[in-house]
Amino acid sequence: GGYMALLSMCALHAHLEAARRTFVLMQDQGHAPDEDTYCYLLLCAVRARDDGAVAEFSSALEAFKGRTTQLGLHARMAYAQYLEEKGSAGKAKRVRELAERRR
């Protein structure tokens with residue numbers, strides 16, 4: 001849908017504010033966010049280097065269980081790399097292991 005295209009563009013260019021506005025709009029229109037929605041938001045937050053948003057969207061993503069998509073894997077690996085750069089190697093390792101198990 002159009003919202004996903006918008007979110008992927010936001011993620012690509014690290015436009016966190018625009019991503020948040022799109023996310024609010026989606027919910028206002030009655031669209032329930034799925035795993036891919038949070039993947040784009042997390043990628044956007046990681047690329048924008050926004051710690052608060054990274055924490056928010058990574059924990060929202062943790063609510064999704066079962067097999068993940070290619071996008072899900074990509075977002076989690078980007079998050080793991082972000083954690084490593086922040087000095088959280090242990091947590092990064094756990095995120096990677098979890099992502100690997102879910103593919």
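**Figure 1. Val 54, a buried residue of helix H4.** Val 54 has a relative accessibility of 3% in this predicted model. That value falls under the 20% cut-off, so Val 54 counts as buried. Helix H4 spans residues 51-61. Leaving out residues up to four places away in sequence, Val 54 touches Leu 42, Ala 45, Val 46, Tyr 79 and Tyr 82. Leu 41 sits 13 residues from Val 54 along the chain. The C-alpha atoms of this pair are 8.4 Å apart.

**Figure 2. Thr 68 in the loop between helices H4 and H5.** Thr 68 is buried, because its relative accessibility is 11% and the limit for buried is under 20%. Its side chain makes a polar contact with the side chain of Glu 35, at 2.8 Å. Glu 35 is also among the contacts of Thr 68 beyond four places in sequence.

**Figure 3. Thr 22 within helix H2.** Helix H2 covers residues 16-28, and Thr 22 lies in it. The relative accessible area of Thr 22 is 7%. Buried means under 20%, so Thr 22 is buried. With residues up to four places away in sequence set aside, Thr 22 touches Tyr 3, Leu 6, Leu 7 and Cys 10.

Note on methods
Residues numbered from 1 in each chain as written. Predicted model: local features only at pLDDT ≥ 70, side-chain atom pairs only at ≥ 80, totals over all residues. Heavy atoms only, no water. Helix = DSSP H or I, 4+ residues; strand = E, 2+ residues; numbered from the N terminus. Buried < 20%, exposed > 50% of the residue type's maximum accessible area, 1.4 Å probe, protein only. Polar contact = N/O pair within 3.5 Å; in protein donor to acceptor, adjacent residues only side chain to side chain. Contact = heavy atoms within 4.5 Å.
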